[in-house]
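Visitor: Could we go through this structure together? I would like to begin with its charges.

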Amino acid sequence: MRPFAGRPIYVEFVFNLLATFRDAALVPPWRPNSGFLTPEQWTTALAANGFSDVRVFPEIAAIRRDIPQFVVAAISARRA
């Protein structure tokens, strides 16, 4: 999980070796870049693709100000 838009995280270095990670189809506003997404981009992406009740745990958006290096999260959603 990328805590901030436009800021790559350290684990992307390894994933960038994979062409499928680097060459993702870009779909503004929720997929503006290849690589990891922010909680807001994930929520928008899932909602745009027919999912509802999207939840991110822990709430990265709430803790990133105090712990900006925290990048692990789980996302749940239901197919509408």
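Guide: Let us begin with a definition: Lys and Arg count as positive, Asp and Glu count as negative, and His and the chain ends are left out. Please note also that this is a predicted model.

Visitor: How many positive and negative side chains are there, then?

Guide: The protein has 9 positive and 6 negative side chains. The centres of the two sets lie 3 Å apart.

Visitor: What can side chains of opposite charge do?

Guide: Such side chains can pair when their charged atoms come close. In this model the count comes to 5 salt bridges.

Visitor: Which residue does E12 pair with?

Guide: E12 forms a salt bridge with R2, and their closest N and O atoms are 2.6 Å apart. Because E12 lies in helix α1 (residues 12-15) and R2 in the segment before α1, the pair ties together parts that are 10 residues apart in sequence.

Visitor: Are those two buried or exposed?

Guide: Both E12 and R2 are buried.

Visitor: And what about E40, where is its partner?

Guide: The side chain of E40 meets that of R64 in a salt bridge, at 2.6 Å from N to O. E40 lies in helix α3 (residues 39-48), whereas R64 lies in the loop between α4 (60-63) and β2 (74-79), so this pair ties together parts that are 24 residues apart in sequence.

Visitor: Why does R64 count as buried?

Guide: The relative accessibility of R64 is 17%, and buried means under 20%. E40, at 36%, counts as partly exposed.

Visitor: Which residue meets R78?

Guide: R78 and D53 meet through their side chains in a salt bridge of 2.8 Å, N to O. R78 lies in strand β2 and D53 in strand β1 (residues 51-57), so the pair ties together parts that are 25 residues apart in sequence. R78 counts as exposed at 53% relative accessibility, while D53 is partly exposed at 33%.

Visitor: Changing topic: in what order do the elements run?

Guide: From the N terminus on, the order is α-α-α-β-α-β. That gives 4 helices and 2 strands.

Visitor: What is the radius of gyration?

Guide: The protein has 13 Å; a compact globule with 80 residues would have a value near 12 Å, which agrees. The C-alpha atoms fill a box of roughly 35 × 30 × 20 Å, taken along the principal axes.

Visitor: Last one: how much of the protein is buried?

Guide: Buried residues make up 25% of the 80 residues. The protein exposes about 5,500 Å², of which carbon and sulfur atoms supply 63%.

Technical notes: Residues numbered from 1 in each chain as written. Predicted model: local features only at pLDDT ≥ 70, side-chain atom pairs only at ≥ 80, totals over all residues. Heavy atoms only, no water. Salt bridge = Lys/Arg side-chain N within 4 Å of Asp/Glu carboxyl O. Buried < 20%, exposed > 50% of the residue type's maximum accessible area, 1.4 Å probe, protein only. Rg over C-alpha atoms; globule rule 2.2 N^0.38 Å. Areas by Shrake-Rupley, 256 points an atom, 1.4 Å probe, with all protein chains shown as cover. Charge placed at Lys NZ, Arg CZ, Asp CG, Glu CD.
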